[in-house]
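The following exercises concern the protein chain shown below. Each one sets a task and then works through it step by step.

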Amino acid sequence: MGRYLWLLLTGFAVAHTTVAQTFPVEGLKHNPVNRRAYIHARIIPQPGVRMEDATLYVEDGVIRAVGKNIALPKGTPVTDLRGAYIYPGFIDVISSYGMPEIPKRKPEPRRPRPTTTQKNAVAWNEAIHSERDAALLFQPDTKKAGELIKQGFTWVQTAQRDGIFQGRSAVVMLNEHRAHDNVVKEHHAQFLSFSKGRSRQDYPTSLMGAIALIRQTLYDARWYHRARQAWRRHPDQIKPEYNAALEALLPVIEKKEPLWFTVNNYLDVQRAARLAREFDLPVVIRGAPDLYKRIDDLKALDVPLVVPLNFPPAPYLGDAYAVENASLARLKYWDTAPETPARLAAAGISFALTSDGLSRDQKFLKQLQLAVQRGLSPETALDALTRMPARLLGLDKQTGTLEAGKRANFIIAGGDLFRDAHSVIHKVVIDGQVHDVAPLPDFDWRGVWRITGTDAAFDVHIQGKPGKPRVTVQKDSVRRKIAGADVAAGGLKLTLPAGMWAGHAPVLISLDRFGTRLEGFALESGGRRHVLSGERVKGADNQAGQKKKSDAPTRKALFPVRFPDMAWGRETVYPQQPEYVLIKNATLWTAADRGILEDYDMLIRKGVIQKIARGIKAPRNAWVIDARGKHVTPGLIDEHSHIAISRGVNEAGQAISAEVRIGDVVNPDNINIYRQLAGGVTVSQLLHGSANPIGGQAQVIKLRWGANSEALKFKAAPPTIKFALGENVKQSNWGDAFHIRYPQTRMGVKELFIDAFERARAYEQAWKNYRALSARQRHNTVPPRRDLELDALTEILNSQRFIHCHSYVQSEILGLMEVAERFGFRIATFTHILEGYKVAPEMARHGAMGSTFADWWDYKFEVYEAIPYNTALMTRAGVVASVNSDDAEMARRLNHEAAKAMTYGGLTPEEAIRLVTINPARQLKVDERVGSLQTGKDADFVIWSGPPLSGYSMVEQTWIEGRRYFDVQEDIALRKTVREQRRRLIERALKQTEKSDKKPVASPMPDTPQDYRCDDLTDYIR
């Protein structure tokens, strides 16, 4: 920690330079001295620039000059900093400082509340507060301002952070005066999050619902802008509503105010960026400490980030159970997260740093120094707290660096704030107003002082702790320790040993200090004086004889990032794709007309099946797999899955949720992807749950373990959507309180479908009518409002989106087919369909397919009449049938589920294997690409140890598009790797906690994956 004598040459301080101009003067007008010079300072005017023994001159809250040899106006008060550091003031771009407190949401019994209780002209949903204006809500808070000032902050961007749309932000100073004086910039940005906050309204209940609400609201703002303009031009048409929330979003739509998202994990960063890109809107995203997990993906987003320093504490390992349950993912997160800022910087990603998100036990400067210790350069750290925030806020002409003409926002510290753990902030100056933070220490003498005179020249080295200096003198190559040296605030006295001066007797040295200059004399034993002068040539942070502080990290993460960064993650995003792969001597289950082929070869080129025959010659450099005695099938396909979904499988907030998209919330870090590869699954349809008659849009994925969420998506699959019938959608099992949402009966479910499609038909016609108008007529006509829910239903009407319907009871199955035929489309697939055997002929005539459980029954009332012969009976009736999982664990053994149809119904092995290969491929309308082993199709296949329908066979390898995603031998090796990595990380964590006097706590994991079933109603907010 730098120490120095704070010498006030005058008692005046720079006063706050403005008063609220509209307020009348009470009593005598205050006329403070509005200028001051800070001299003999180490000034860091901007990252990478350092001025020694420099001056900073401030007048009227503005920096007028900075540098050396500055001519000061006569009578300027001067503060001699004598070697102290001056940094630009820090700017925190994410804050709720000065905003009204948001009461915590108290737990209460789950009860329906479908509509808002607000009566004023705001949004229909209580999670939308875009009309909130931080500049109007802002009230300075001396206590909270003081906490921020102690960490070096001068300006902050603030908003009341509650809900999904949180309102318009303001940039404010942390001074104590009226709000009028402290607001620097109003209406800078619209703050958003994916959390509904304190809203008690039902919608949204899921992350995908929150994203859909944002998407719909932004479309509504576009519509509102055009509609209000058209109506003002021609008021002789239906008046669009006035909506304060949408009114406040008009600057966003016009790109005058950017979106600022606060999210809690790297996946949500990608989701927020995709939303902004969809609307071509500027965005800044406050991320999380786990951003290191997908650096390349973040760089490709090309959006500025805000990085919090709330690194996870060491995981709790206080007992055997805790050690046993400490996952590799959690341990790696703790070990690697502090390197996130350094890794972002190394990748060339622009970011600012924030104190937002710190726990009570975490101090910003300590966390900042930890990031520097783990590889972040001090220059980049300073930039992320000064210049970058100023640019993001559009205030870089006012602040962010110490330059003439900019506001006087700076920090005075006793040492290097980024490297020196003992450095203390002593004063923070905000717009010229001085805030005292810590008492001023004595001068720090440590360093090397060059002393010169007419008869001598030597160096004085001062080391050690303040108050206990160690002094040595060096002349040429001779260096001597000096005992009894007097190192005081104002000067230095010592006795120079014999031989260090021109004569042979000891010489007394007396030097007075003026800043970092010394003046004095040498006194020989005979009384002769010699004039001496000196200056510090090396400071405490780089003095000779002291180990130079290195920019190299003090500690590195033990292990590199894997994809995903957890147990069984891959070293690379994608496995290698050889140009040629040749499977030799295998039994091929083609799931096609050729049936089962024994002792056959299969040649794959660049991920596509090129040839199936006997005796294929291996091309040069081909990977050759001798599969003698092995069986090869197409990759298994699960028509009904809920794996790899983030924070909610049901959007249960309303009966129709066709606007929500599973594709928005795909989670590539879900371990079930890998586990199901181990069971031979290569394609899964991720379905919305069954809480609603009309659920959300589904997403078909290929299980490309290691890829990001977008790369998992099977782009060839046409759009699908989840419908549901039965007990779940009429809330039979939701609890006694849930009896107000329509529909509450099976009859009502059918009527809801009819009404929804009638509205979609009218919606489509309204758009056709509008588009038929001339350009001038459209300009003067209120346009139809784009409705994402009705967009999806219109796609169904036009056979552009296909229904997969959760179903059990025959009457409802027949009823939905009747509705579909009435509106001119067909149901693609009934899923579960446990009474399909009763209506199989009708399904076949309609063209509907069926994906069922092999032998589930008796788990609720409406499945009492399920039978295990269902699959076979539907198959014999001409229905394209498959078996599905609806369960993360069951999907690992779909081959066993298919085999049950041979026992219950007598299907042949060839027919049974089709239940989990080509038939679900047809249901998903991807059978031109996958589902069978045929030339021209994707090389998605599984190598089994024996016949795939045998309970004794196991998967040995699973391939997708000619890449090997699972290998049982590799898996065995990975188990050893996982154990060794856990052991070393646990040892490191235990060593750290031994040195700490704080009890470790369970470290949080962002977006912890959860396994879902159809009827899960988990509230994503919890």
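## Exercise 1: An enclosed helix

The buried residues of helix H19 pack against H4, strand S34 (694-697), S36, H17 and strand S37 (802-807). Helices (H or I, at least four residues) and strands (E, at least two) are DSSP runs, numbered from the N terminus, and contact means heavy atoms within 4.5 Å. This is a predicted model, in which local features need pLDDT of at least 70 and side-chain atom pairs count only at pLDDT 80 or more, while totals for chains, interfaces and linings use all residues. Residues are numbered from 1 along each chain as its sequence is written, and side-chain values use heavy atoms, with hydrogens and water left out.

Task: determine how many residues of H19 are buried, and list them.

Solution. Step 1: apply the cut-offs, by which buried means under 20% relative accessible area, exposed over 50%, and partly exposed in between (1.4 Å probe, protein chains only). Step 2: count along H19 (residues 788-797), where nine of the ten residues are buried, so the helix is largely enclosed by the rest of the structure. Step 3: name the buried residues of H19, which are Leu788, Glu789, Leu790, Asp791, Ala792, Leu793, Thr794, Ile796 and Leu797.

Task: repeat the count for helix H10 (residues 328-336).

Solution. Step 1: eight of the nine residues of H10 are buried, so H10 is likewise largely enclosed by the rest of the structure. Step 2: the buried residues of H10 are Leu328, Ala329, Leu331, Lys332, Tyr333, Trp334, Asp335 and Thr336.

## Exercise 2: Two helix pairs

Task: describe how H4 and helix H7 (residues 266-278) are arranged.

Solution. Step 1: two packed helices are described by the angle between their axes and the distance between the axes. Step 2: the axes of H4 and H7 come within 11 Å and cross at roughly 20°; axes are lines fitted to C-alpha atoms, for helices over the stretch in contact, and angles run from 0 to 180 degrees between N-to-C directions. Step 3: H4 and H7 are therefore roughly parallel, given that angles under 35 degrees count as roughly parallel, over 145 as roughly antiparallel, 65 to 115 as roughly perpendicular and the rest as oblique. Step 4: H4 contributes Leu207, Ile211, Ile214, Arg215 and Tyr219 to the contact, and H7 contributes Asp268, Arg271, Leu275 and Glu278. Step 5: by class, five of these residues are nonpolar, none is polar and four are charged. Here Ala, Val, Leu, Ile, Met, Phe, Trp, Tyr, Cys and Pro count as nonpolar, Asp, Glu, Lys and Arg as charged, and the others, Gly among them, as polar.

Task: describe the packing of H17 and helix H20 (residues 810-822) in the same way.

Solution. Step 1: H17 and H20 pack at an angle of about 15°, with their axes 10 Å apart. Step 2: H17 and H20 are therefore roughly parallel to each other. Step 3: Arg746, Lys750, Phe753, Ile754, Phe757, Glu758 and Arg761 of H17 meet Glu812, Gly815, Leu816, Glu818, Val819 and Arg822 of H20. Step 4: the contact of H17 with H20 holds five nonpolar, one polar and seven charged residues.

## Exercise 3: Nonpolar cores

Task: identify the residues with the most contacts inside the largest nonpolar core.

Solution. Step 1: a nonpolar core is a set of buried Ala, Val, Leu, Ile, Met, Phe, Trp, Tyr and Cys residues joined through side-chain atoms within 4.5 Å. Step 2: the largest such core has 216 residues, and Phe261 and Phe723 have the most contacts inside it. Step 3: H4 gives the most to this core, with 14 residues. Step 4: a second, separate core of 22 residues includes Phe458, Val460, Val473 and Leu532.

## Exercise 4: Backbone details

Solution. Step 2: Pro204 lies in the loop between strand S10 (183-193) and helix H4 (207-233).

Task: characterise Gln731 by its phi value and burial.

Solution. Step 1: phi of Gln731 is near 60°, a positive value in a residue other than glycine. Step 2: Gln731 is in the loop between strand S36 (720-724) and helix H17 (746-771). Step 3: at 5% relative accessibility, Gln731 counts as buried.
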